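Biologist: Please take a close look at one part of this model, the backbone in the loops, and then connect it to the rest of the chain. Go step by step, as for someone new to structures.

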Amino acid sequence: MKKILKLAIICILCTSCSALTLKSMDILLNKIVIDKARFFKVIDFGSELIDTVNKKRGYTLKKFSYKNVLFYNYKKRDSKNAVVYVHGGGFMVNYVDSLRFSFAETIIEKTKADFEVVLVDMKGTKYPEQQDEVNVVLDYILPKYSKVIIIGDSAGGNIVLSALLKRRDEKKQLPNGIVLMSAWADLSNNVPSRRTNFNKDILLGKKPIVLLDDNPYARKVKDKRNPYVSPVYGDYYGFPKTLLQCGEDEVLKDDSALVYENMKENGIDAKFEIYKGMIHAFQLYPIFSKTEQAVKSITNFLEAIYCDKGTNNK
């Protein structure tokens, strides 16, 4: 059964991962699929059933638990530096999939600096459980490494920003750098790009999706403009160096744009990159034309921090 399900998912992916990648995906999601949210949930469920993490030769993979929070340490060699990776998945995916381990391998192998990757295995289903899990991991990791960079994709970008806003407000140690890939920073669903890019975004636009309108993770939160819930409304004074990336036509584009603008207003060393023609979290998929360029920018960012002797944890 697992083999059949895996084959079906591969067929779906291969259909969309051709020279006509984006067009095929548009047809599948917006002309064939009736309920995109349910479709994504089925794919996530199927992926969890058959997804396996195969440790690459030469790598070490260990699972840890600290204060009942799970995380993986994935490395090619021991290092005094670390990347903490916070995965996305609409705040619903409660496991670290092989896609994120593959991305970890990619940045390890393409970066001219040594570091270990710590992948947070979040299990929370209601706000603020995932933010709390990430902060527990940071409490454990930050004192053990010389330099730490945190990366978040999609919903993971929200968790990264909101967790760090709380750390700063509580005067706790922050990491040395932040990388955000298509960060989902507005759970109030009010940023302009939700409307201006609605008919352009083939993945999260064109059809209403309940995950955007009323995400179960924050459904019981009364004030969704609270910066700890929707960090697009946060004030980013005192934050570390940050790289933000997104696709030009994403409904989430202004999530990153507004966070970036606030960072610049507060004098933060921040860079915002918009990739034409790219979909949500495209950096995770080697098939897209701009993935290599975006990953190169990320590895350059990592190198600049890890190789800078003057960069210390805040």
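Modeller: Serine 182 counts as buried, because its relative accessibility is 1% and the limit for buried is under 20%. This residue sits in the loop between β6 (177-181) and α7 (193-196). The model is predicted, and in it the phi of serine 182 is near 55°, a positive value in a residue that is not glycine. As a rule, most residues other than glycine have a negative phi, and most peptide bonds are trans.

Asparagine 68 also has a positive phi, of about 70°, without being a glycine. Its place is the loop between β1 (60-66) and β2 (69-75). Asparagine 68 counts as exposed, because its relative accessibility is 74% and exposed means over 50%.

The next point concerns a peptide bond. Tyrosine 127 and proline 128 are joined by a cis peptide bond, with omega at about 5°. Proline 128 belongs to the loop between β4 (116-121) and α5.

From that loop we can move on to the helix. Helix α5 (residues 129-141) and helix α6 (residues 155-169) have axes that come within 9 Å and cross at roughly 65°. The crossing is right-handed. On the α5 side, the residues in contact include Gln130, Val134 and Leu138, and on the α6 side they include Ile159, Ala163 and Arg167. Sorted by type, the residues of this contact are 5 nonpolar, 5 polar and 4 charged.

Neighbours within four places in sequence aside, valine 134 touches Val86, Val120, Met122, Ile150, Ile159 and Ala163. Valine 134 is also among the residues with the most contacts inside the largest nonpolar core, as are Val84, Phe239 and Met263. That core has 62 residues, and α6 gives the most to it, with 7 residues. Another core lies apart from it; this one has 28 residues, including Tyr59, Tyr74, Ala281 and Leu284.

Last, the chain as a whole. It has 10 helices and 8 strands. Of its 314 residues, 55% count as buried, and serine 182 is one that does. Among contacts with a separation of 6 or more, 78% are between residues 24 or more positions apart. The accessible surface comes to about 14,600 Å², and carbon and sulfur atoms hold 54% of it.

Definitions and conventions
Residues are numbered from 1 along each chain as its sequence is written. This is a predicted model: local features need pLDDT of at least 70, side-chain atom pairs count only at pLDDT 80 or more; totals for chains, interfaces and linings use all residues. Side-chain values use heavy atoms; hydrogens and water are left out. Helices (H or I, at least four residues) and strands (E, at least two) are DSSP runs, numbered from the N terminus. Buried means under 20% relative accessible area, exposed over 50%, partly exposed in between (1.4 Å probe, protein chains only). Contact means heavy atoms within 4.5 Å. Accessible areas come from the Shrake-Rupley method with a 1.4 Å probe; for residues, only the protein chains shown count as cover. Axes are lines fitted to C-alpha atoms, for helices over the stretch in contact, and angles run from 0 to 180 degrees between N-to-C directions. A crossing is left-handed if the near helix is turned anticlockwise from the far one by less than a right angle, and right-handed if clockwise. Ala, Val, Leu, Ile, Met, Phe, Trp, Tyr, Cys and Pro count as nonpolar, Asp, Glu, Lys and Arg as charged, and the others, Gly among them, as polar. A nonpolar core is a set of buried Ala, Val, Leu, Ile, Met, Phe, Trp, Tyr and Cys residues joined through side-chain atoms within 4.5 Å.
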